[in-house]
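Hi,

Here is the structure I said I'd pass along.

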Amino acid sequence: MRELLGSCTDCGKDVYCMDGFLNGVYIENRLFCFECADPEEKKEQEKEQA
Ligand SMILES: [Zn+2]
């Protein structure tokens, strides 16, 4: 079961709840996808490639 919760506050991507798992994060009552909620992780990946 997949339920649309809304769109990411930052990038506008749709965020779903899938089988009870939230496909994003709530921060201060705003909805973000994982990519926008965790920019630190993205930075780490870029560092590894360099
Ligand atoms: Zn996003």
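One residue I kept coming back to is Gly 24, which sits in strand S4, residues 24-27. Keep in mind as you read that this is a predicted model.

So, is Gly 24 buried or exposed? It comes out as buried, because Gly 24 has 22 C-beta neighbours inside 10 Å and the cut-off for buried is 20 or more. Buried residues make up 10% of the 50 residues in the chain.

As for what Gly 24 touches, setting aside neighbours within four places in sequence, its contacts are Cys 8, Val 15, Leu 31, Phe 32, Cys 33, Phe 34 and Ala 37. Ala 37 lies 13 residues away from Gly 24 along the chain, and their C-alpha atoms are 7.6 Å apart.

Now the overall layout. The chain has five strands and two helices, and reading along the sequence gives β-β-β-β-β-α-α. Three of the strands form an open sheet, ordered S1-S2-S3 and paired antiparallel. At its edges are strand S1 (2-7) and strand S3 (21-22), each pairing on one side only.

If you zoom in on S2 (residues 14-18), you'll find two bridges joining it to S3, with the two strands running antiparallel. Met 18 has Phe 21 of S3 as its bridge partner.

Cheers

Technical notes:
Residues numbered from 1 in each chain as written. Predicted model: local features only at pLDDT ≥ 70, side-chain atom pairs only at ≥ 80, totals over all residues. Helix = DSSP H or I, 4+ residues; strand = E, 2+ residues; numbered from the N terminus. Buried ≥ 20, exposed ≤ 12 C-beta atoms within 10 Å, placed from the backbone. Contact = placed C-beta atoms within 7 Å. Pairing = 2+ DSSP bridges.
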